[in-house]
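Subject: Structure for your review

Dear colleague,

Please find the structure below, together with its sequence. A summary of the findings follows it.

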Amino acid sequence: TELAERVMETAQELGFAPTVKPLNEAIGDPALGTDGLLLVLSATYNGCPPANAGDFVNFCGAAIERHERPVDARFAVLGCGHSDWADTFQAIPTLLDESLEKLGGHRLLDLHTADSKKAPEEDFVAWTAKLWPALAAAAGIKLSQRAGSAASRPPLAIPEVSVVPAEEEGHLSETPLVLPFQRDGEWVLAKVAEKSELTPNDPDGTSTVCLALEAAVHPSGDAPLRYAA
């Protein structure tokens, strides 16, 4: 979610009017059949799509079987994942990238991958560095942005997260999390704002949990920030 919001913010600074939505809500969207742009940021959870993308993956599969071509938009896919899960690493992003082309979409960029084990922030920045010039070339326009805009500022590095036992902060009902911001080395205490189960029925009895973290103020003095981890 945080990466999608950053892409949307940059697009707005460059003069576009983007819309951010879960992939499941894109089913039947007339925009898919236009000459617009579809940017997909997705991941794989134990070989399965995220909960907000499963219906779209099924929609693509069914449309391919019926030899339909409901997509006419240019598209680019960023896949997020962790290479320690080698068997399923980038499985869903790869499937989405291939499916959109089979359904009539026009690939703007090759599939780009971000590996959480290595340098996901650098991967993301590298993707966006290719994305906007490619979009400008395809649309035949010249892009510009306001000086000092969010798009022109150095990106905030994805933080490392350490869990602090709740007993040490007995006055808090939420488990506090400490985020070291890599850009300036300062520490900010963040609380869990939301928690949801991504894979509640894993065969091995474990679960993948999505935590939305809320930091009071970023060290730079910017507005409050939220992260999904």
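The notes below cover the overall fold, the confidence, the salt bridges and the aromatic pairs.

Please bear in mind that this is a predicted model. The mean pLDDT of the protein is 76, and 62% of the residues reach at least 70. Confidence is highest in α3, at 97, and lowest in strand β9 (residues 225–228), where the mean is 41. Two stretches call for separate mention. Over residues 146–159 the pLDDT stays under 50, and the model has 32 contacts beyond four places in sequence for them. Residues 164–187 also stay under 50, with 60 contacts beyond four places in sequence.

Overall architecture

The protein contains four helices and nine strands. Read from the N terminus, the order of elements is α-β-α-β-α-β-β-α-β-β-β-β-β. Of its 229 residues, 35% count as buried. Among contacts with a separation of 6 or more, 61% are between residues 24 or more positions apart. The accessible surface amounts to about 12,900 Å², and carbon and sulfur atoms account for 52% of that area.

Salt bridges

Side chains of opposite charge can pair when their charged atoms come close. The structure holds seven salt bridges, and several are described here.

Lysine 117 and aspartate 84 are joined by a salt bridge with an N to O distance of 2.8 Å. This pair links distant parts of the chain, as the two residues are 33 residues apart. Lysine 117 sits in the loop between β4 (112–115) and α4 (120–139), whereas aspartate 84 belongs to the loop between β2 (74–81) and α3 (91–102). Lysine 117 has a relative accessibility of 48% and is therefore partly exposed; aspartate 84 is likewise partly exposed, with a relative accessible area of 48%.

A salt bridge also forms between glutamate 68 and arginine 66, whose closest N and O atoms are 2.8 Å apart. Glutamate 68 is partly exposed at 32% relative accessibility, and arginine 66 is partly exposed at 48%.

In a further salt bridge, glutamate 101 meets arginine 107 at 3.1 Å, N to O. Glutamate 101 is partly exposed, with 41% relative accessibility, and arginine 107 is partly exposed, with 28%.

Finally, a network of salt bridges links Glu2, Arg6 and Glu121.

Aromatic pairs

How many aromatic pairs does a search of the whole structure find? The search finds two aromatic pairs. In one, the ring centres of phenylalanine 56 and phenylalanine 59 are 5.8 Å apart and the planes lie at 40°, so the pair is tilted. Both residues are in helix α2 (residues 54–65), and because they are three residues apart there, about one helical turn separates them. Phenylalanine 56 is buried, since its relative accessible area is 1%.

Phenylalanine 124 and tryptophan 127 also form a tilted aromatic pair, with 6.4 Å from centre to centre and 45° between the planes. These two residues are three residues apart in helix α4, which means that about one helical turn lies between them. Both phenylalanine 124 and tryptophan 127 are buried.

With kind regards

How values were computed
Residues numbered from 1 in each chain as written. Predicted model: local features only at pLDDT ≥ 70, side-chain atom pairs only at ≥ 80, totals over all residues. Heavy atoms only, no water. Salt bridge = Lys/Arg side-chain N within 4 Å of Asp/Glu carboxyl O. Buried < 20%, exposed > 50% of the residue type's maximum accessible area, 1.4 Å probe, protein only. pLDDT = per-residue confidence, 0-100. Contact = heavy atoms within 4.5 Å. Phe/Tyr/Trp six-rings, centres within 6.5 Å; stacked < 30°, edge-to-face > 60°. Areas by Shrake-Rupley, 256 points an atom, 1.4 Å probe, with all protein chains shown as cover.
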